[in-house]
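Hi everyone, thanks for coming. Take a moment to look at what's on the screen, and then we'll walk through it together.

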Amino acid sequence: MRIAIAGAGNVGRSIAQELIGNGHEVMLIEKQPRQLCPERVPEAQWILADACELSSLEEADVASCDVVVAATGDDKANLVVSLLAKTEFAVGRVVARVNRAENEWLFTDQWGVDVSVSKPRLMAALVEEAVTVGDLVRLMTFRQGEANLVEITLPRNAPYEGQPLRSVPMPRDAALVAILRGKRVVVPTPDDPLEAGDELIFVCTAEVEDQIRAVVLGSTAAD
């Protein structure tokens, strides 16, 4: 894919390096001359411009990009970049960085954002995931809340501990995508038994999270 990243600070450069390593074509747009460091990501195309200016995005040919990433440290700038990318250039996928948790509610499709990544929320989720056993932790949200990545660490004496997955009545609109067992990542199959301490990773809609909690942990846990 061809991907434009607005903001060439530490976050923007790190994203660029990962994407280039995965075989994508990356363009970094940065308005601060001191942040223009092509030697740090030499495989990327570097442009000195203000990504909040329509003319700058036109010159950079953002319309040819498959994805735009608004990765600056300024939430206002990230919203403007997202809106321009979506409404003026019809970019298929817009990903925006949220720097301040209180601004997260703004990062919706009304501002052209397909996926928002909140560093404070993500860090809080990772802390919860690391210490919480016997409850559901939301790790990430996709498509403006239409689907979530959630995790439950299975406690001892859970209803389906020791039983194969085929015996677990999964709610509709929910999928168990991985089991983290010690240092292993287990791709679930119907014959795999659940073990205490398993970290169960689901993709589901928000509406069925309580159902997943009730099935995996028991009805009293959901209450």
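I'll talk about a sheet, the helix beside it, and a few backbone angles.

Quick housekeeping: this is a predicted model, where local features need pLDDT of at least 70, side-chain atom pairs count only at pLDDT 80 or more, and totals for chains, interfaces and linings use all residues. Residues are numbered from 1 along each chain as its sequence is written, and side-chain values use heavy atoms, leaving out hydrogens and water.

Strands here are DSSP runs of E, at least two residues, helices are runs of H or I, at least four, and both are numbered from the N terminus; two strands pair if DSSP finds at least two bridges between them.

In helix 5 (209–217), the buried residues include Ile212, Val215 and Val216; buried is under 20% relative accessible area, exposed over 50%, partly exposed in between, with a 1.4 Å probe and protein chains only.

Just after helix 5, Gly218 has a positive phi of about 105°. Most residues other than glycine have a negative phi. Yet Asp173 has a positive one, about 65°, in the loop between strand 8 (147–153) and strand 9 (174–181). Ala90 is also positive, near 50°.
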